[in-house]
Amino acid sequence: MSERHFLYPGTFDPFTRGHLDILERGLALCDRVTVAVAAGGKTTLLDRDERVELARGALAGLAGADRCRVVGFEGLLVDLARDLGASAVLRGVRSQADLEHEQAMAALNRVLSPGFEVVVLFPRPELAMISSTLVRDVARCGGELAALVTPGVAEALRRRSARS
Ligand code: PNS
């Protein structure tokens, strides 16, 4: 059987414990995962290289980290999936709003690339409230980040808040 390779794309601004949960559970379903950090399209707090480094640090302690890698990407997701020979894209869905967004993206990506497949996973309930947007907000207000992100990400956000 051919290798099952999932592509886990996102903005990851920053990579959260919710992302880690989806990654960990995705890894259990495939041979390897490439985490793909999107460059543009949105204004981000952290630049792409920093988001890539933080994602690498966050997943380093994961069982199965040796089956993961993190890359940055620009351009279309379907092109990256084709170039990497990924068998499916992995996405986490926390809410009805997420689901609608994912359905629209999947439908569009399928028009662009007919073989495109998405594996959707639901986060553990205790992590379902975590979003990068809320994490950035908590960081900006000086709140406790330990339950939301890994220590390296928390440290980077604290440094970032201290600068602005
Ligand atoms: O973390 P996000 O913001 O939910 O991730 C969205 C992402 C990066 C997966 C999506 O915007 C994307 O695939 N961007 C690459 C450009 C692209 O292919 N756009 C068309 C599909 S919507």
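I began with F15 and found this residue buried, with a relative accessible area of 1%. I note here that the model is predicted.

**Aromatic rings**

I next looked up the aromatic pairs. A pair of aromatic rings is described by the distance of the centres and the angle of the planes. I recorded two aromatic pairs.

I took Y8 and F12 and read a distance of 5.3 Å between the ring centres, with the planes at 75°.

I then took F12 and F15, whose ring centres are 5.2 Å apart and whose planes stand at 40°.

I checked the accessibility of the ring residues. Y8 and F12 are both buried. For F12 I have a relative accessibility of 3%, which is under the 20% cut-off, so F12 counts as buried. The entry for F15 stands as above, buried at 1%.

**D21**

I turned to D21 and located this residue in helix α1, which covers residues 17-27. Is D21 buried or exposed? I found a relative accessibility of 2%, so D21 counts as buried.

Which residues does D21 contact, once its neighbours within four places in sequence are left aside? I listed P123, R124 and L127 as the contacts of D21.

Definitions and conventions. Residues numbered from 1 in each chain as written. Predicted model: local features only at pLDDT ≥ 70, side-chain atom pairs only at ≥ 80, totals over all residues. Heavy atoms only, no water. Phe/Tyr/Trp six-rings, centres within 6.5 Å; stacked < 30°, edge-to-face > 60°. Buried < 20%, exposed > 50% of the residue type's maximum accessible area, 1.4 Å probe, protein only. Helix = DSSP H or I, 4+ residues; strand = E, 2+ residues; numbered from the N terminus. Contact = heavy atoms within 4.5 Å.
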